[in-house]
Amino acid sequence: MASSSVFAGLAQAPEDPILGVTVAYNKDPSPVKVNLGVGAYRTEEGKPLVLDVVRRAEQMLINNPSRVKEYLPITGLAEFNKLSAKLIFGTDSPAIQESRVATVQCLSGTGSLRVGGEFLARHYHERTIYIPQPTWGNHPKVFTLAGLTVRSYRYYDPATRGLDFQGLLEDLSSAPSGAIVLLHACAHNPTGVDPTLDQWEQIRQLMRSKSLLPFFDSAYQGFASGSLDKDAQSVRMFVADGGELLMAQSYAKNMGLYGERVGALSIVCGSADVAVRVESQLKLVIRPMYSNPPIHGASIVATILKDSDMFNEWTVELKGMADRIISMRQQLFDALKTRGTPGDWSHIIKQIGMFTFTGLNSDQVAFMRQEYHIYMTSDGRISMAGLSTRTIPHLSDAIHAAVTKLK
Amino acid sequence: MALYSRAAAAIRRRGGVSLAPHARTMASLFGHVEPAPKDPILGVTEAFLADPSPDKVNVGVGAYRDDNGQPVVLDCVREAERRIAGTLNMEYLPMGGSIKMINESLKLAYGEDSELIKDKRIAAVQSLSGTGACRLFADFQRRFLPDSQIYIPTPTWSNHHNIWRDAQVPQRTFTYYHPETRGLDFAGLMDDIKNAPNGSFFLLHACAHNPTGVDPTEEQWREISYQFKVKNHFPFFDMAYQGFASGDPERDAKAIRIFLEDGHQIGCAQSYAKNMGLYGQRAGCLSIVCEDEMQAVAVKSQLQQIARPMYSNPPVHGALIVSIILNDPELKSLWLKEVKGMADRIIGMRKALKENLEQLGSTLPWDHITNQIGMFCYSGMTPEQVDRLTNEYHIYMTRNGRISMAGVTTGNVAYLANAIHEVTKTK
């Protein structure tokens, strides 16, 4: 007696290209399988990691019986917002001191990007956003659904496996005045290729001369070089010139808070008065989406950031994760060198952050999955965090085989 | 200069900061952005917090308070959190959220022995509480049924209008509340159901209607369900108060069960904000009944496609709390007891408020206070009367006269009753 559903004609959606890798990995019964798909940190033993300082913060929250779990304001936990802005912009940032920064807690980086995009689609005069080629697979959908038109600018040079700086400058030069430009603050995802500071300065000058609006995505602060301040330099350069920008911040990786969905959107405005009005409009985007953000992760972050001992403990653990990844890069590079694998693999140690853009093509990637049970996204991106000293030999064997057997 | 002058004039009209001619606002790309109006509900608590009066009473936001006016973390929740901290990790959930939490949520809403669950006909994802569930459904409706609209009851939770508007789904309203009786306008409701085009989408409050507290009787629900079948309407249930209304989750799901018995393929938004006191954790579930398992898989995959560019995957902490509690018979039993406790206190306060008003000699009818159910009482007071309550008595509620009974205590009920009597009595 079941009548026909109104959704009868609906087709199944394709698997998400990134998250689908883990789905496939989980189904594989092979004992030698390696998951280099999702960018989630793993220990040397291949286990997920909850930072000690995070566990401590969580215990403190649990053990505080007077703590309540009521609704946060629409804009989230105020303390968290202030501390997050200081973390990325610097405690002495003039923009903060002049109250020109509107910060709202959002659901990690994705949520911050979406809320920022929706705000721009409603209130900004230019509806086009330029994103680097390539970029994180979810970026185009986030901005399209937010109501923006997505275009791309050249970024990665496959020939050098480095930055196509000329192409980047040309494309931004020909963007319409006022267009929005998405910039990865550090540890570009998926390529691991970042501009040098000199190049950042040139990008800044070009953008300000054309009134291009910077929208920074910072998902790896502290995770890239091991230093929080160093990884924020590109952003601070833009703030220092007094101009406006948007900033999407995530604590998923650098505090290991992945599933807690902790992030912040900051909009650096021309004046305090504008910042107040901007914040009020951000609330109108958030309220019909999810009313107010989740409290747990933000409380953990605030607990850590406001306590200098815990903050220091965090920087040590963060550097530990960054260092392990840098070590994996070196070991992989050395292993390929030892095997005499054809090609120049120096990009493995030149690229920075969680990912390496190997340069492997989709046939080679499929081959490695079939024959060696190595899982990565079809663009050849590997998550260095998924490697260990134990699995490096297996991976380098696989790369060697793929490169010599398939072109 | 013209744009600047207009902006400056507008700000001066609103009594804002005066601007020097070369203020930095001129350089801002966002200088033209208007200040947004305050949220009508959340703005009430802001005003309450700013009031220094020792007599102040907050009966605005629908968040439970104990008899001391304090927020409550349930014991079952505290225990669940103890088990989480120190043992579980914080990895990403799948895009659709926690499978365990979803399964338990479906059992709560559809019944432990639901055939639909056995046959895997329900597409379900973890959502950001009730708001998030409604928004996912609204976006889904827009994407797959772009010609449809949503019928929303008059009145309803104010954010419902915002949700479907932002999803770009056109809205209509249907008759619901009867101001004269402070009850249900059943005849008007049935007329609107019949007059709507066949196959319309309707938003129904499963129990404890917000803001009125007025629910159809079981018989009325059966008639509504029957008419929905005749008209082939799509019922979307927003269930934010299961267990909180009568104290019995099974009883509070009666409307949904009636529709399911009649073979409707419903949509349902569930929230754990109130009934588990998980407010800030944003724990909820969206479910859609499908023709068969294959379609349920397809629908779920499409819901995930909507979640991914919004927040990628939902927060894990609240989901862990829900699944630990509902999966552990002892904890679940404790939860049921605590939910009943909250519901009973509210029912007790309804009685007390009504009795107080009668004892004060009010000649107005106050039966609706005890006839209505759930967290809210639609008092029937006018905005002007509400303003007097706030300005003269420091009592905070939304201007539609909605009282959050959760904010009423044995300590303030007499004060509240007196104030209401004073502003409503005819001279």
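Predicted model: local features only at pLDDT ≥ 70, side-chain atom pairs only at ≥ 80, totals over all residues.
The size of an interface is often given as the accessible area lost when the parts come together. Here, chain A and chain B bury about 7200 Å² between them, and carbon and sulfur atoms account for 57% of that area. The contact involves 86 residues of chain A and 85 residues of chain B. On the side of chain A, the three residues that supply more of the buried area than any other three are Phe7(A), Tyr71(A) and Arg287(A), with 11% of what chain A buries against chain B. Four salt bridges are counted between chain A and chain B. In one salt bridge, Glu70(A) is paired with Arg65(B), and the closest N and O atoms are 3.0 Å apart.

From α11(A), the contact draws on Leu284(A), Val285(A), Arg287(A) and Pro288(A); from α7(B), the partners are Asn159(B), Asn162(B), Ile163(B), Arg165(B) and Asp166(B). Sorted by class, this contact of α11(A) with α7(B) holds four nonpolar, two polar and three charged residues.

Within chain A, another pair of helices can be followed. The axes of α7 (residues 165-173) and α8 (residues 197-209) of chain A come within 10 Å and cross at roughly 10°. Since angles under 35 degrees count as roughly parallel, α7(A) is roughly parallel to α8(A). The crossing of α7(A) past α8(A) is right-handed. Phe165(A), Leu168(A), Leu169(A), Leu172(A) and Ser173(A) of α7(A) make the contact with Gln199(A), Gln202(A), Ile203(A), Leu206(A) and Met207(A) of α8(A). In this contact of α7(A) with α8(A), seven residues are nonpolar, three are polar and none is charged.

Finally, some loops have backbone details to look for. In chain A, Gln133(A) and Pro134(A) are joined by a cis peptide bond with omega of about 0°, and Pro134(A) sits in the loop between β3 (128-133) and α6 (139-146). In chain B, a cis peptide bond links Thr154(B) to Pro155(B), with omega of about -5°; Pro155(B) belongs to the loop between β3 (150-154) and α7 of that chain. His373(A), a residue other than glycine, has a positive phi near 60° and lies in the loop between α15 (362-372) and β12 (374-375) of chain A.

Note on methods: Residues numbered from 1 in each chain as written. Chains lettered and ligands numbered in written order. Heavy atoms only, no water. Contact = heavy atoms within 4.5 Å. Helix = DSSP H or I, 4+ residues; strand = E, 2+ residues; numbered from the N terminus. Nonpolar A, V, L, I, M, F, W, Y, C, P; charged D, E, K, R; others polar. Axes fitted to C-alpha atoms, helices over the stretch in contact; angles between N-to-C directions. Parallel < 35°, antiparallel > 145°, perpendicular 65-115°, else oblique. Left-handed = near helix turned anticlockwise from the far one by under 90°. Buried area = accessible area lost by both parts, 1.4 Å probe. Salt bridge = Lys/Arg side-chain N within 4 Å of Asp/Glu carboxyl O.
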